[in-house]
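Dear colleague,

I am passing on the structure we talked about, and below it you will find notes on what turned up in it. Please read them slowly with the model open beside you.

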Amino acid sequence: MSGAGPAEVRKVPTYCYQCVAGPDLLTVRVEDGVPTEVEPNFGAEDIHPAHGRVCVKAFGLIHKTHNPNRVVTPMKRTNPKKGRHEDPGFVPISWDEALDMIGGKIKAAMDKGLVDESGFARIAASFGGGGTPTYYLGTFPAFLAALRHIDFSFGSGQGVKCYHSEHLYGEFWHRAFTVAADTPNCNYVVSFGSNVEASAGTCGVWRHADARERGIKRVQVEPHLSVTGAASGEWVAIKPKTDPAFMFAMLHVLVCEHPVEHLDVPFLKHRTAAPYLIGPNGFYLRHADSRKPLMWDAKANAPVTHDAADVDPALLGSFEVANCVEVGPDEQVWTHDRVVGETAHAKLVAHMRPHSPEWASAICDVPASTIRRVANEFLDHAQVGATVEIDGRTLPYRPVAVTLGKTVTNGWGGYECCWSRTLLATLVGGLEVPGGTLGTTVRLNRPATSRQLSAVPGPDGFMNYPMNPTDKDNWHRQPKSRSGYSTLVPLVANSAWSQALGPTHLAWMFQKEPPQGWPKPTYPDVWFMYRTNPAISFWDTPRLTETMADFPFLVSFAYTHDESNHMADVLLPDATDLESLQLIRIGGTKFIEQFWDHQGFALRQPVAAPPGECKDFTWIATQLAKRVGLLEAYNKAINRGAAGVELSVGNKNFALEPEKEHSVETIWDAVCRAASAEISGGEDSEGLDWYKEKGFRVTPMSRLDWYLYPTLADQGLRFEMPYQERLYRIGLELANRMHENDMHWWDTQLDEYQPFPVYHDVPGVWSKVLVKVGKDPKDYPFWLLTARSMQYAWGGNVGVQMIREVAMNVAGHNGVILNPRTAEALGIEEGDVIEVASHLRSVKGQAVLRQGIRPDTLLMIGQFGHWKTPLAKDFDTPSMNSLTPMELDLTDSTGSGADLVRVSVRKVKGGAQ
Amino acid sequence: MTKYVLVSDLRRCVGCQTCTAACKHANGTPPDVQWRKVLDIEVGEFPDVSRVFVPVGCMHCDEPPCQEVCPTTATFKRADGIVDIDYDKCIGCAYCVMACPYQARYKVDGPSWAYGEQTALEKQRPYDKRIGVAQKCTFCVDRIDEGVANGLTPGVDPAATPACVNSCPSAGLIFGDLDNPDSNVSKLLRENETFRMHEELGTGPNIYYLWERRS
Amino acid sequence: MSSVTQFRGVNPWRQTYWDGRAVGNFVGGGTGTGFLAIAAAAALAGAPARFLALVGLVFVGVGLTCVWLEIGRPWRALNVFLNPRTSWMSREALLAPVVFGLGGLAVLFDSTAALVAAAVVGLAFLYCQARILQAAKGIPAWRQKEIVPLVITSGLSEGFGIFLVAAPLLVESMPLWPSVLMLVVLGARFVALRAYVARIAGGAVPKASAKALLQVAPAVIYGGHLAPAVLLILGAALDQWAIAALAGLLAAFAGWWFKFAIIVKAAYTQGYAIQHTPARTPGYAGAGGHPGW
């Protein structure tokens, strides 16, 4: 470098939470006031699971900050017509004008009543995927809390393509909003498309690299060789969406080809419902009086309730039981004087009998010998019977796990896969124990800060679960939001996250065509949008964009112009990642592989002054609260903990005066002091200045908190496996409710509520949709999939040049990946421009020939296809999102769909190479 | 004596390009100049395919072909093994670029800006001395020199260690002194199987690719 | 316009730093020194040294100017002399002023002796050019040992060919010996070229590089060797200088074209190779590969 060195150099600690695998801790080098370099925070080496490292996205923050394409003043739209091909005519305005305009709209909505005539909130908000915007929103959540009624059901902007079924079933079965292997202790992982090397952040990368060096074997089962497949011991190129068949066959091997003694019999008997007796109507046989489920005690040779002490429940067999009942939907009761009940495990064996590896082979296009070998390796590595001591407590040690990725855990087949995965772990006693299959965090259960505390006793010896009601008196006939999450999806519960985890695409679809019995669709009066770009990242994006253009008033917190805020009425420039202030919780166990030995707090702080008129989010929130007359409610929300920490800790009170307007620094100083008090048991009260210098503060936690098994064992609870009596019942109840109201359009989804998932032709669902719209499936012979780009995923960084530059080193960022054999058959060469078409429309891109993909599959990495975002609009990298339909037929009972679509492909013209 | 080498543990690397980005930060390289980058290589045919991520850059060769061909002596090899460039001497003939079998060298003819116009970052990190001349990875020689002068150990103390090594989220890049039998790199090479790229060309490259533990 | 990175990949790519200007140096230097060589012989046989030396020097000079235009820091060009210990480019550069000095004397004083001396040094210059390419280990198409005789014989062929074109301007009747010499160097280049092409076809270079070279090789072999040989014999038989000149032009053009192919079109980099795929599970390592080869 030339010239004299910088006059002043500082290193500022902060955090990066651009993706759900965060936060990671970093330092920013600032030369003469200019942020120039990101470095890991080496001070966090001993407390961070990835030793203070950050990934490439955090490095992009420097370039994100310096991007001259940023929106740096508030702007308003001058062209009332909205649409992709309309010029919004944005003109700069003052903050006063912008805030007055928004405040006026909100006040008008408040005056009308915050809920409209259809029962929907007049104010809606969408924040990007995985909840990551929360870590940049400052005190905006307090403002939303002050408003009270907000519709989040337009989703985070990505469609319901997250690990959706895993979120719902995972929380239900083992408080696992997301699921991970206990990587540091695991020796064998079967990963169905779980792309942890790209999606689990630095913690995942570090932990898995350690595991590989230690000797783990990971079998990656997926149609294309992802980054994670690359870093695995073995790749099995399965046909898309046939994972349930593979997993069913693994279950078959375990329960039909091995004697039960090879499984973890004590675990099955005492920590699961495997010994529960099932009656002729498909429900548990229950004690006539207590209505507790019955088991057969082999010791006494008599039926006993599930909670009876000193018993030896039979796992296999049918037993005659006298004087018992079955309880069905809507309190329907079958009374049995004498009836034969079969154990749930025996029923499972019978259920899995037809699903041999040979059966699965034809479906998955994987040799039966491979499936059988993987199943047996899984069992062999489980070390059934082994124990390990963790912090003085002896626990089962089962170093095997099954992990699932996107498109496996969501959409049709998600139930089968999540159930199979959880059951595979259960059969070997490997659920929530060291080495095994673990949940990471809770989002639907409460309290959100502790999986352990959320595991409280519920019915039938299982954990409680906050299902949305399906009984006649309490079912939400009137949807609570435009997606109808609490009406249609009992499992999604009713937490702050539930709206965003409902079937959010229905909110979009029903705007134009509401189904029978649904309220009249209404647009929200005001829609806030932050760190999300649904016009790019949803499904059927052109159709969604058209709908978005009809929204009356859209407020977008804007980093640059983009495809979604092209429809906005007001753009608000927030001070970005390195320019604003926020304290967050760190540590504990979090998605996806964030398993810490510490927990505490970290500060994000300005390392440089924001450009132009960009403002700290907390300032924006305070000003809006003031303008709409909610300052007191807003401050009180902060005091209650809406900024992450309750401001009264023990006898220490750092609460803000509710009536006053407080500066950004004052608010976060109070939060910092409360955090210090909380973490020190009320001893300390260091404020903002301390955190600015140190960056973070943590306290050790026991590794026992990684596992839920001790909590269940201590409470005598069982995992709700294998038989799904509860789901079966609520499904029947939900069907009753909907049919009573002449709503039959959800019947296919209602069929999914089965006590054991019933295999159906999952890939065939997509063919049926083609037939339904009058197309011949033969004309769309390929599957089109996507895969995560670690460089981009969740980052909102598509306009950052450096990210594009380095991402191009990873294959596929420049086009469409296809197998050379397929290409040869179609006369396509590397670099040729090809057209990929679904029944909706087509996109064009360069052919990228790779051996690591099935010949019947195409792959478009990430989510591109931009037409407005500066820089990104020049990429020419296609996206599958405009090709993927939004269809009720492609929506499962949890309300999710999957990122895949049937397509055709043809060469358009020769390429440059 | 000291001989700095880099070990790339191919078992650990996931191709995330964090090292690529860290290098760009530390060295202020212009768009599309990557002194460090990670390749995404496939070997084999479907379905028997391996995908391997391979960090590359200057190999700081024992017999650097770039140094041999350099007509100006701008490219030179230090006593500690680092191959460096005197930008004031280089005439920008690019002969060294042709001589390097690792595609590690770059030459840019003029300024180019990430976003088309010069940003505050690019003003703060001018690279005019490197315009029109050869450039490549220096193992962050300034950090090493300053660190060593302050009693730090390159490869152990972050302040004396190349930025790419510091940044790697898989700890897949390891830097150290091969002449020190107790160093991290010496230990790794003793305990594991490694290869070096294009060794048959007689360059004596000093990035060691670790591919398996020694049985 | 922002910088939008294009995909580079892992296969060998065509280097773009040495372009037509570098070709100019190899064409000018080769042709000029080849020309000086035959010009010296002609001068010894009585031809005017001054004009011949001037033509040769112009070729060499134009070539060196091309290089000067290509280097990134032209005003530091004199640093090129600093590494004669190992760099063939320094050696070439050091010989250049000698060639020009001696050639200049030949021009100034119409001195045959000076021209002969310039030609001898010119041959050394030509040898340096050949070794410059061979020392470029990063470009497989250049680093083959067969490149040295090829560049030397081609330089001679190009120079001799241009001499056949230029000679009628000097003398009224052309003797036979230049055509004979031309045939000899053409034959030598033919042998060198065949050896080089065999090496290329034998897998010594990346596939793309071999494709680029083998595409033009037949035309160069036939159009640049067999055709001029036939023309030379025909020209001699018919005593038609124009035919010999055409042969010379063809021979020179073929050399230039093939140099362009080698230096620009086929100048693919070495690419990357791994000897083993890593064991992501112990015991699961595999054989390596060399993409693009």
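Strands (E, at least two residues) and helices (H or I, at least four) are DSSP runs numbered from the N terminus, and two strands pair if DSSP finds at least two bridges between them. This is a predicted model, in which local features need pLDDT of at least 70 and side-chain atom pairs count only at pLDDT 80 or more, while totals for chains, interfaces and linings use all residues. Residues are numbered from 1 along each chain as its sequence is written, and chains are lettered from A, with ligands numbered from 1, in the order in which they are written.

In chain A, 4 strands make an open, antiparallel sheet in the order E11-E16-E15-E12. Its edge strands, each pairing on one side only, are E11 (277-278) and E12 (286-287) of chain A. E12(A) pairs with strand E15 (residues 318-327) of chain A in the antiparallel sense over 2 bridges, and A:His287 has A:Cys324 in E15(A) as its bridge partner.

Turning to contacts, two residues are in contact if their C-beta atoms, placed from the backbone, lie within 7 Å. By that rule, 9 residues of chain C are in contact with 15 residues of chain A. The side of chain C that touches chain A has 4 nonpolar residues (Ala, Val, Leu, Ile, Met, Phe, Trp, Tyr, Cys and Pro), 1 charged (Asp, Glu, Lys and Arg) and 4 polar (the others, Gly among them). Leaving aside neighbours within four places in sequence, A:Val671 is in contact with A:Leu583, A:Ala643, A:Gly644, A:Val645 and A:Leu647.

Best wishes
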